[in-house]
Amino acid sequence: MTRDEVIAKWNSMQLRERDAWVAEKVMGLELSDNMLAAYPKYRLPDYPDFFRDVPNYSTDISAAWRVLEKPEIMDRIQIGLYPTSFGKWIAKSYMAGYENCRVQADSAPEAICLAALIAQGEGIEE
């Protein structure tokens, strides 16, 4: 997906749908087939019959920070996060061999998640 396609899809989703998208495409978690969109769950890798709630990546800064700590993300991008004077947050992802990607969001966790999804780029197929 292109940057604009990722942003358009992000803007069309509810909060928990965004969390599920980040869990699947960025964090590599396997989502449950029998979940409601408002209550996304993922399969525990070592215990395939057990599920946990998807973290609130797009609203909780501690969950969003785990996105940045994922080794595959750390190796590919660095994100600079900047508050603005008009209540928005700007995240820039710096990827080797790619143009810098600048996104603006209402909160720091949202900016982190959106920048990480955009950094996945062509790795996100829908």
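Colleague: Which residue forms a salt bridge with R18?

Modeller: This is a predicted model, in which local features need pLDDT of at least 70, side-chain atom pairs count only at pLDDT 80 or more, and totals for chains, interfaces and linings use all residues. Residues are numbered from 1 along each chain as its sequence is written, and side-chain values use heavy atoms, with hydrogens and water left out. A salt bridge needs a side-chain nitrogen of Lys or Arg within 4 Å of a carboxyl oxygen of Asp or Glu. The closest N and O atoms here are 3.3 Å apart, and the partner of R18 is E110.

Colleague: How many residues apart are R18 and E110?

Modeller: Helices are DSSP runs of H or I with at least four residues, numbered from the N terminus. R18 is in helix α2 and E110 in helix α5 (residues 108-120), so the pair links distant parts of the chain. The separation is 92 residues.

Colleague: Is E110 buried or exposed?

Modeller: Buried means under 20% relative accessible area, exposed over 50%, and partly exposed in between (1.4 Å probe, protein chains only). R18 has 10% and is buried. E110 has a relative accessibility of 12%, so the word for E110 is buried.

Colleague: Why are R16 and D19 separated by about one helical turn?

Modeller: The side chains of R16 and D19 meet in a salt bridge, 2.8 Å from N to O. Both residues lie in helix α2 (residues 15-25), and they are about one turn apart because their spacing along the helix is 3 residues.

Colleague: What kind of aromatic pair do W10 and W21 form?

Modeller: Rings of Phe, Tyr and Trp (its six-membered ring) pair if their centres lie within 6.5 Å; planes under 30 degrees apart count as stacked, over 60 as edge-to-face and the rest as tilted. The structure holds 2 such pairs. In W10 and W21 the centres are 6.5 Å apart and the planes at 35°, so this pair is tilted.

Colleague: What is the angle between the planes of Y47 and F50?

Modeller: Y47 counts as exposed at 52% relative accessibility, and F50 counts as exposed at 51%. Their rings form an edge-to-face pair, 6.3 Å centre to centre, with an angle between the planes of 80°.

Colleague: Which ring does the charged end of K9 sit over?

Modeller: A charge sits over a ring if NZ of Lys or CZ of Arg is within 6 Å of the ring centre and within 35 degrees of the ring normal. The charged end of K9 is 4.7 Å from the centre of the ring, which belongs to W21.

Methods:
Helix = DSSP H or I, 4+ residues; strand = E, 2+ residues; numbered from the N terminus.
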